[in-house]
Amino acid sequence: MKRTLIALACLASTAAFAQSNVTIYGRLNTTVEYQKNIDSTDTKTVLQNNASRLGFKGTEDLGGGIKALFLLEHRFNSDTGTTTGDFWSGDAYVGLQTNYGTIRAGRITSPAYYATADYVSLHNHDTGTSEDKLYVAASSPKNTVAYLTPSFGGLTAEFAASAGEGNDAAKSWQAAVNYDAGALHLGAGYDENDPGDKQFAIRALYEMGAFTFGGYYQLADSVDLGKRNSVRASAMYTLGASEFHVNVGWADDWDDLSKSGALQYTVGYNYNLSKRTKVYAFYTAVENDSNAAYGTAFTGKDPSSFAVGVRHNF
């Protein structure tokens, strides 16, 4: 009996040790906002969730330079406690990391997005009402297999494909390239889905002392609307615990829809109370042409929001 208990204790200890590198992480990000022309209400004051999340990630060393890895990320509304979309509406995947690259399978956000639009969204992680309203994606995160190369002197490439599983419209392909050379960071991304929508974007970000400058250019091609150009520029200045942000985005008309362009701009201020907690404020607005509806439920309306919030990472 004692030997059995000892054996069980050893097994439990071994299991606990194997899982000791599992990390629980998350972000609570909530603002109080005065919003205009975002939905059917002309103006309103709301408590706004900004992509709050709870995640679990970890690795297991399998020996021979191979590691198993996983990630599960749950998105929820911090203002109500309800689920945002699917329960694991962040990434949710399992994979293997080797000396020859990393392969993952599951729900995976397009590497093309991370390489371009997300990379230059500095003030609030591309979330909430101040998110990039003009970036166009052409892929699905569901049922995806992705391969990431090792780094070659700061250069990496990632390729992904999303299976339709009987629905051709859900099929998509993604590719991204990232290059880091000290203060200079470059990237490019491409998405395409089975109906034929596609987008290509290039990005650059440069750190110069207290200043950070970033931007991207995107060419989107829609089966229904034709082609469209868009650009975004962002800048950040840090002074002690303070961050001053500004970004501007512009989208041209779609070829087959006149007066469908828009301008988006955001100014923001962040104050870092610690490495994990900051308070912040921003004003964001979109100026839509008469046939555009970026950031709003109504064509031709101009949505805007003034927000004050708290973000805590753990």
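The largest cavity is lined by Val 120, Ser 121, Leu 122, His 123, Asp 126, Ser 130, Asp 132, Arg 232, Ser 234 and Asn 247. A cavity here is a set of points, on a 1 Å grid over the protein atoms alone, where a 1.4 Å probe fits but cannot get out; lining residues have an atom within 4 Å of a point. This is a predicted model, where local features need pLDDT of at least 70, side-chain atom pairs count only at pLDDT 80 or more, and totals for chains, interfaces and linings use all residues. Residues are numbered from 1 along each chain as its sequence is written, and side-chain values use heavy atoms, with hydrogens and water left out.

The volume of the largest cavity is about 60 Å³. Volume means the space filled by probe spheres set on the points, with grid points joined across faces, edges and corners. The whole structure has 2 cavities of 30 Å³ or more.

The second largest cavity holds about 40 Å³. Its lining includes Ala 235, His 245 and Val 246. β14 (242–251) gives the most, with 3 residues. Strands (E, at least two residues) and helices (H or I, at least four) are DSSP runs, numbered from the N terminus.

Now the open spaces. A pocket is an open set with protein on both sides within 12 Å along at least five of seven lines. The largest pocket has a volume of about 1400 Å³. It is lined by 48 residues, with Arg 75, Thr 109, Tyr 113, Tyr 114 and Asp 118 nearest its centre. α2 contributes the most, with 4 residues.
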